[in-house]
Amino acid sequence: MTGRLNGSTAIVTGGAKGIGRTTVEMFLAEGARVCAFDIEAPGSVSVAEMRAAVAASGDRFVYSRVDVTSEADVARGVEEAIDSLGGIDILVNNAGKGPDPTPIEDLSLADWDATLRLNLTSAFLCTRAVIPHMKRRGSGRIINLSSQAGRSKSEVSNLPYASAKSAVLGFTRNLAHEVGPFGISVNAVAPGVTLTGRVADKLARRADREALAEAIPLRRFGGARDIAGAILFLASPDAAYVTGATIDVNGGRTMM
Ligand SMILES: NC(=O)c1ccc[n+]([C@@H]2O[C@H](COP(=O)([O-])OP(=O)(O)OC[C@H]3O[C@@H](n4cnc5c(N)ncnc54)[C@H](O)[C@@H]3O)[C@@H](O)[C@H]2O)c1
């Protein structure tokens, strides 16, 4: 196989659905060996659907039930992925979720902590677990999912989510500075509204969805392939000299 990721190995967190699953599929199609981390049970419908979608990739795919908010789960998952794939070249910190807009006075500390833990701390835990291995190899790619909410503001998600996704950008830039000398790049992708299952359901219930689409210069919401394409670019040899960068994939909705 001659793909852009031929011979590369990757972990994609939140890989059972949405952008993560499409990233897994595109990485496999480009020749990578991929481990998907997700909280979905191995026997669940989404994992079964995913296995069917990647069946043609044979033994290049591994599913690992890992809760990325758990330090112990992440340590175990990364160790097992390194063993089963023979190393990790690429980590995609994709698992995350944007809760519905909530006025600040109605947010509990527990809501705040849980949202930061899923959308920010998870990237710290997974990255910290792979960095020693990447340093020993003298190379690596870390790709973090931020959001338009973290670049500007969001009509469809809440304050702790936007705060976490902004912090992901600071994490990306500072880590890029720290680990660049070891041959490791760190970049972010900031999607606008993207029609994955959960977000598509949420939008379908909103009376202002047409107005939201009209506000996008390209006049449509994104799809998982739009986002996974940018992730693939950052993982590929074409992005060898890109680090500390954020790629906005939002149809022009927010221009920085
Ligand atoms: N869809 C959008 O509109 C949009 C916009 C901007 C940013 N993003 C970001 O892109 C990423 C993917 O979004 P999506 O829409 O594909 O989400 P999704 O809900 O479709 O899929 C997320 C996956 O993460 C998994 N997951 C959730 N909690 C987990 C945990 N603790 N440990 C491991 N896995 C866990 C879920 O089971 C699911 O398979 C997220 O970080 C999200 O914040 C999405």
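Colleague: Which elements each supply at least two residues of the shell around the ligand?

Modeller: They are α1, β2 and α7 (197-204). Helices (H or I, at least four residues) and strands (E, at least two) are DSSP runs, numbered from the N terminus. This is a predicted model, in which local features need pLDDT of at least 70, side-chain atom pairs count only at pLDDT 80 or more, and totals for chains, interfaces and linings use all residues. Residues are numbered from 1 along each chain as its sequence is written.

Colleague: Which residues come nearest to the ligand?

Modeller: A residue is near a molecule or strand if its C-beta atom, placed from the backbone, lies within 6 Å of it. Of the 30 residues around the ligand, Gly14, Lys17, Gly18, Gly96 and Thr196 come nearest.

Colleague: What is the order of the strands in the open sheet?

Modeller: Strands of a sheet pair through backbone hydrogen bonds, either parallel or antiparallel. Two strands count as paired if DSSP finds at least two bridges between them. Here seven strands form an open sheet in the order β3-β2-β1-β4-β5-β6-β7, and the pairing is parallel. Because β3 (61-65) and β7 (246-249) stand at the edges with a single partner strand each, one side of each is left without a neighbour in the sheet.

Colleague: How many bridges join β2 to β3?

Modeller: Five bridges join β2 (residues 33-38) to β3 in the parallel sense. Within β3, Ser64 stands opposite Phe37.

Colleague: What pairs with β6 on its two sides?

Modeller: On β5 (residues 140-145), six bridges link the strand to β6 in the parallel sense, and Arg141 has Ser185 of β6 as its bridge partner. Four bridges join β6 to β7, also running parallel, with Ala188 opposite Thr246 in β7.

Colleague: Are the residues of β6 buried or exposed?

Modeller: A residue is buried if 20 or more other C-beta atoms lie within 10 Å of its own, exposed if 12 or fewer, and partly exposed in between, with C-beta atoms placed from the backbone. In β6 (residues 184-191), eight of its eight residues are buried. In a regular strand the side chains alternate between the two faces of the sheet. One side of β6 has Ile184, Val186, Ala188 and Ala190, the other Ser185, Asn187, Val189 and Pro191, and all are buried.

Colleague: Which strands does helix α3 lie across?

Modeller: Helix α3 (residues 71-85) lies across β1, β2 and β3.

Notes
Two residues are in contact if their C-beta atoms, placed from the backbone, lie within 7 Å. Axes are lines fitted to C-alpha atoms, for helices over the stretch in contact, and angles run from 0 to 180 degrees between N-to-C directions.
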